[in-house]
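Let's take a friendly walk through this chain, from its overall layout down to a handful of individual residues. Have a look at the fold before reading on.

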Amino acid sequence: MAYVIGANCVDVTDRACLDVCPVDCIYVGERKSYINANECIDCGACEPECPVDAIFVDRAGRKDEEKAVFIADSIDFFATPLPGRDAPLGDPGGAASVGDLGVDTPLVTAL
């Protein structure tokens with residue numbers, strides 16, 4: 001995994017990170033966005049664009065308990081079926097192909 005979007009993104013509608021992502025790997029849930037680690041090229045273009053400093057490198061987050069929770073949550077967003085879906089999202093090959101998903105992981109929904 002390269003970059004992760006953390007707690008500061010919840011309920012923030014700014015999409016500056018989506019505009020600069022060269023591979024379209026940032027997917028929009030209902031209350032938060034998620035980076036697909038399998039599609040991310042680790043370019044870092046998204047990180048400085050985030051107005052709330054929600055994006056971090058996964059390596060930096062592993063030692064921080066709150067960030068580690070969002071690393072696992074980001075994996076869950078793509079690897080487990082989201083509420084109302086029968087199958088995991090997986091790696092669709094770009095967020096534009098699926099559009100805004102309008103659903104979040106149970107962790108984000110509970111916040």
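Is valine 4 buried or exposed? Valine 4 is buried, with a relative accessible area of 0%, where buried means under 20% relative accessible area, exposed means over 50%, and partly exposed lies in between (1.4 Å probe, protein chains only).

## About the model

This is a predicted model, so local features need pLDDT of at least 70 and side-chain atom pairs count only at pLDDT 80 or more, while totals for chains, interfaces and linings use all residues. Residues are numbered from 1 along each chain as its sequence is written, and side-chain values use heavy atoms, with hydrogens and water left out.

## Overall layout

Four helices and four strands make up the secondary structure of the chain; helices (H or I, at least four residues) and strands (E, at least two) are DSSP runs, numbered from the N terminus. Read from the N terminus, the order of the elements is β-α-β-β-β-α-α-α. The chain has a radius of gyration of 13 Å, close to the 13 Å that the globule rule gives for 111 residues, so it is as compact as a globular protein of that length. That radius is taken over C-alpha atoms, and the globule rule is 2.2 Å times the number of residues to the power 0.38.

Along the principal axes, the C-alpha atoms of the chain fill a box of roughly 35 × 30 × 25 Å. Of the 111 residues, 41% are buried. The accessible surface of the chain is about 5,800 Å², and carbon and sulfur atoms account for 49% of that surface; the areas come from the Shrake-Rupley method with a 1.4 Å probe, and for residues only the protein chains shown count as cover.

## Around valine 4

Back to the residue we began with. Valine 4 sits in strand β1. Leaving aside neighbours within four places in sequence, valine 4 is in contact with Ile35, Ala54, Ile55, Phe56, Asp58, Phe70, Ile71 and Ser74. Valine 4 and alanine 54 are 50 residues apart along the chain, and their C-alpha atoms are separated by 8.1 Å.

## Charges and salt bridges

The chain carries 8 positive and 20 negative side chains, and the centres of the two sets lie 4 Å apart. Here Lys and Arg count as positive and Asp and Glu as negative, while His and the chain ends are not counted; the place of a charge is taken as NZ of Lys, CZ of Arg, CG of Asp or CD of Glu. Side chains of opposite charge can pair when their charged atoms come close. The count comes to two salt bridges, a salt bridge being a side-chain nitrogen of Lys or Arg within 4 Å of a carboxyl oxygen of Asp or Glu.

One of them joins arginine 31 to aspartate 11, with the closest N and O atoms 2.8 Å apart. This pair links distant parts of the chain, 20 residues apart: arginine 31 is in the loop between β2 (26–28) and β3 (33–35), and aspartate 11 is in the loop between β1 (3–5) and α1 (16–20). Aspartate 11 is exposed, at 51% relative accessible area.

In the other, the side chains of arginine 15 and aspartate 100 meet at 2.8 Å, N to O. This pair also links distant parts of the chain, 85 residues apart, with arginine 15 in the loop between β1 and α1 and aspartate 100 in the loop between α3 (65–79) and α4 (106–110). Arginine 15 is partly exposed at 36%, and aspartate 100 is partly exposed at 48%.

## Two aspartates with positive phi

Most residues other than glycine have a negative phi, and most peptide bonds are trans. Aspartate 42 has a positive phi, near 60°, and is found in the loop between β3 and β4 (55–57). Its relative accessibility of 36% makes aspartate 42 partly exposed. Aspartate 53 lies in the loop between β3 and β4, and has a positive phi near 55°. Aspartate 53 counts as exposed, at 63% relative accessibility.

Glycine 99 is in the loop between α3 and α4 and is partly exposed, at 29%.

Leucine 111 lies in the segment after α4 and counts as exposed at 51% relative accessibility. Not counting residues up to four places away in sequence, leucine 111 touches Val10, Arg31 and Phe70.

Notes. Contact = heavy atoms within 4.5 Å.
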